[in-house]
Each structure stands twice: as C-alpha cells, then as structure tokens.
Amino acid sequence: MFLADYHTHTLVSPDSQASIYDMAAAASAAGLRELCITDHCDLLSLEGDRQLTFDWEPSLAQFDEAEFFADPNLVLRLGLELGSAHVCPEAARNILDRPGLDFVIGSLHNRSEAAGGGDYYCVEYSSPQVCRDILDDYFTNMEALVRLPDCYDVLGHIIYPLRYMVRDGQSVSLEHCYGRLRAIFRAAVESGRGIEFNTWCGRTVEEWRPVLALYREAGGEIVTTGSDAHAPENVGKGLADACGLLRDMGFRYMTTYKGRKPAFVKL
C-alpha cells in the first residue's frame, strides 16, 4: 500500500521538539513512501495577535540536511501549514512566494478577530451552545479562506474544533453545518483545491465519514492523508485505515504534491 504523510511537524513548529531527520527516519521505519513536513505558520498567535511574517531559513536548513541523510527510497516534500490566511491575504501570498515549496495546508486554528482571535484549543467548551457558536465562527472563517485558492492546496483538518469539544465532554455533530460545508466544498472543487484527511495520530478516522461523503457529493477528488504528527512515534499513524475508508467510500485516489501541483496515486 502506498502511504504518504502530508501533515507533520518538526522543531520549527512551536509545539514540536522533533528534528526533521528523526521524522524522516520514523517515516522510513513505518514504510511510508512520501513524507511532507508542514510546519506551522499562523497569521494569528495563540492569543490572537497578528504575526504576518515567517522565517523560512530554519526550515530550509534542516530540510536540506534531512534530504542528504534520509532513506533514498523516501520522498521528502517541503510543505507549510498556513493558518488564517484570510486575515491578511497579502502577507500569506508573500510567505508562500518561496521557490521549492511543494504543498500548503490551509488551516484555521484561531477564532475570528472579531471574536478575539484566540486558538480554538484555548476555548472552554462548557455547553452545547458554546460549541454551536464556535462552529459558526469556524465555518465563517472557512468560507473566507476557501475564496483564496492561491493561499492553500487543501483545506486542513475540517473537524479541528471537535477535538477540543470532545476533550471537554461535549458530544457534537456537524449535521447542522452540512449546508455550509457543501458550499465550501463546491468552492474548493471549482478552484481545483482539495481537503486533507487528518487522522490526528490515528485518533480520528471513522469521524471523517460524513465529511468525506459531503466532499465526494460536491465532486471532490483531491484528498491528502496526514497524521498531524508532532513526534516521530506518531508519524504515519492511522494512514492505512484512512486509505481503506477512502476506498470504501468510492474514492479512487489519494493525492501527493510537488511544486504545488497535485499527483494522483491509486488507492
């Protein structure tokens, strides 16, 4: 089975201590064919302050080193997880104007600036109403992001806020958001963009079934797979199950990228 992890983080991200070499070694040991490093670049900080630049040098330096030492049978790709591009599209485009960049995840980690801009991780999900309000804010942000196709290749972890709602003991369905998701997916498909199937280190696979169904209904075919690993021991987790679910749901391919151009690999 062809396995490719297109959502991973290294010590260039503020929430990881892993070297790119260790991540590549773990990918080889897990039998992966491709590994894309997608370190964080968020235009809003954890607290919601604007931060509109990104220092590429540490990422490029370790990437060059890892390419030299990594398993020659493992393809390494240079990616970026760009958060909240809609906050300042001009800054986002300046950051992405980088030769050699292979792949961009368009993610949303932060509430809208009107709602304070803080990370969804920091919210206390104390009631169903809080969850509904947060999801409304989240998909409003996604509706803005999807209109900027040059700022992303795939929409990142569509079900992201649910992680923390479950953490706080809430049982939440996205069903009341399906109409908005259909429109978002149609816009992504029409612009030649896709979505990622993010397993959250193997913790979320079956949870993706209704989202994937909506995406397929919208004509979506571009799907990348990613573990969201921040440590070597989590690289590749859940990807085989993700590919199996994609096949079961009628998807024929998973997607890889080079130079921000998609390539389709038969499942």
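Predicted model: local features only at pLDDT ≥ 70, side-chain atom pairs only at ≥ 80, totals over all residues.

Q: Where is Cys201 found?

A: Cys201 sits in the loop that runs between strand 6 (194-198) and helix 7 (209-217).

Q: And what's up with the phi of Cys201?

A: The phi of Cys201 is positive, about 60 degrees, even though Cys201 is not a glycine.

Q: OK, what about Ser84, what does its phi look like?

A: Ser84 is not a glycine either, and its phi is positive at about 60 degrees. You'll find Ser84 in the loop between strand 3 (75-83) and helix 3 (89-96).

Q: Is Ser84 buried or exposed?

A: Buried: Ser84 has a relative accessibility of 1%.

Q: Switching to helices now. At what angle do helix 4 and helix 6 pack?

A: Helix 4 (residues 128-145) and helix 6 (residues 178-190) meet at about 20 degrees, and their axes are 10 Å apart. So helix 4 is roughly parallel to helix 6, as angles under 35 degrees count that way.

Q: Left-handed or right-handed crossing?

A: Helix 4 crosses helix 6 in a left-handed way.

Q: Nice, which residues make the contact?

A: Helix 4 brings Asp136, Phe139, Thr140, Met142 and Glu143, while helix 6 brings Arg180, Leu181 and Ile184.

Q: How do the residues of that contact divide into nonpolar, polar and charged?

A: The contact of helix 4 with helix 6 has four nonpolar residues, three charged and one polar.

Key:
Residues numbered from 1 in each chain as written. Heavy atoms only, no water. Axes fitted to C-alpha atoms, helices over the stretch in contact; angles between N-to-C directions. Helix = DSSP H or I, 4+ residues; strand = E, 2+ residues; numbered from the N terminus. Parallel < 35°, antiparallel > 145°, perpendicular 65-115°, else oblique. Left-handed = near helix turned anticlockwise from the far one by under 90°. Contact = heavy atoms within 4.5 Å. Nonpolar A, V, L, I, M, F, W, Y, C, P; charged D, E, K, R; others polar. Buried < 20%, exposed > 50% of the residue type's maximum accessible area, 1.4 Å probe, protein only.
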